[in-house]
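Work through these exercises with the structure open beside you. Try each task before you read its solution.

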Amino acid sequence: MTGRTSAPQPNGPHRSLRLEVRHLQLVASIVEEGSLTRAGQRLHLTQSALSHQLLDLEERLGTPLFHRINKKMSLTEAGTRVLASARQILESLAQTEDDLDLYASNQRGAIRLTTECYTVYHWLPTVMKQFESVYPDVQIKINVDATRRPLNALIDGTLDLAFVTSDRASAGVVTEPLFSDETRVIVHPGHRFASQAYVKPAELVEETLLTYSTLEGNLVYERILRPAGLTPRKHLQMQLTEAIIELVKARVGVGLMARWAVAGYVASGAVAAVPLTRQGVKREWKAAHLSARPMQPYVRAFIDMVATEGPRALEMTLPFAAPKQRAVSKRA
């Protein structure tokens, strides 16, 4: 074949490419349809226009892609190489377009989130599983490193959503209520608190306090103890429920934990859960997000699902404690 041949070009992502998507479609159509006429119909081109494009492509590449024998066309070795790339690239582009359609319809994306308290993992997986059944193409990414600074991470743009219980506010961050749960004092069954109707704050600070977070990040300390000028005699931070339970069982200290998080341990008699103050202490779970950032519909759907399904997921743990409570009332 005569014609100009192009000098080799440097490799790399910024090189000028001679092959275009329309060329790949052209080669694939000729092979799959078996003739220029049918390939032209498929591509909405006349046979003359398609022949002209093929000759132009072969000129660009400096090598024939088809053998032309008795009006039949068969791939050359170079054409076979182009066809292999065409099938791979066109399939990838089609998949990319399908993915982009999902993004455009808000069916695909990611939710980057964190939580202010590790106990959230008692109920969050249940909600995530339900969410996945509705939005299978939306990925939930949990940023554990942002647990201690969720609002800062939102402002930095590294998160889309945070589940928090503290009352701290930051400019540009809005919160909306989800549901509440009760924090109780967790003690050894033989501890003096176990027989009380509730624990007074002044009594609590006489004990070694076991919490998931630092004191400054603890709801009971921030809301009740510190305003009253009370500080625990000793404090230990343990980020695992099982670790706190074992320390309580060993009478090392008393824990501050959600009632539902320890329901199974209470039902088994391993520990006792006593209200703090006569009124009890409830913490309000809230969804925090940036006010200025447009919210994707699937993020809105996830927040709504947490508000609805979160309490149900919590209640799934509570019936384990119910039989023991009913038995006590009967003996009474």
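**Exercise 1.** Leaving aside its neighbours within four places in sequence, which residues is I111 in contact with?

*Solution.* Note that this is a predicted model.
Step 1. Select I111 and skip the neighbours within four places in sequence.
Step 2. List the contacts: F131, V138, Q139, I140, K141, D160, L161, Y298, V299 and F302.
Step 3. The largest nonpolar core has 38 residues. I111, W123, F131, F163 and F302 touch the most other members.
Step 4. Look for another core. Apart from the largest one lies a core of 19 residues, among them V205, L219, I224 and V254.

**Exercise 2.** Decide whether L124 is buried or exposed, and find its contacts.

*Solution.* Step 1. Locate L124 in helix α5, residues 124-134.
Step 1. Apply the cut-off. L124 has a relative accessible area of 0%, and buried means under 20%, so L124 is buried.
Step 2. Set aside the neighbours within four places in sequence. L124 is then in contact with L113, T115, I142, F163 and F302.
Step 3. Compare sequence with space. L124 and G310 are 186 residues apart along the chain, yet 7.2 Å separates their C-alpha atoms.

**Exercise 3.** Describe the largest pocket: what is its volume, and which element gives the most to its lining?

*Solution.* Step 1. State the volume: about 590 Å³.
Step 1. Go to the centre. Of the 29 lining residues, E116, S213, G217, N218 and L219 are the closest to it.
Step 2. Find the elements that give two or more residues to the lining. They are α8 (219-225) and β9. Of these, α8 gives the most, with four residues.
Step 3. Sort the lining by type. Nine residues are nonpolar, 12 polar and eight charged.

Terms used:
Residues are numbered from 1 along each chain as its sequence is written. This is a predicted model: local features need pLDDT of at least 70, side-chain atom pairs count only at pLDDT 80 or more; totals for chains, interfaces and linings use all residues. Side-chain values use heavy atoms; hydrogens and water are left out. On a 1 Å grid over the protein atoms alone, a cavity is a set of points where a 1.4 Å probe fits but cannot get out, and a pocket is an open set with protein on both sides within 12 Å along at least five of seven lines; lining residues have an atom within 4 Å of a point. Grid points are joined across faces, edges and corners, and a volume is the space filled by probe spheres set on the points. Ala, Val, Leu, Ile, Met, Phe, Trp, Tyr, Cys and Pro count as nonpolar, Asp, Glu, Lys and Arg as charged, and the others, Gly among them, as polar. Buried means under 20% relative accessible area, exposed over 50%, partly exposed in between (1.4 Å probe, protein chains only). Contact means heavy atoms within 4.5 Å. A nonpolar core is a set of buried Ala, Val, Leu, Ile, Met, Phe, Trp, Tyr and Cys residues joined through side-chain atoms within 4.5 Å.
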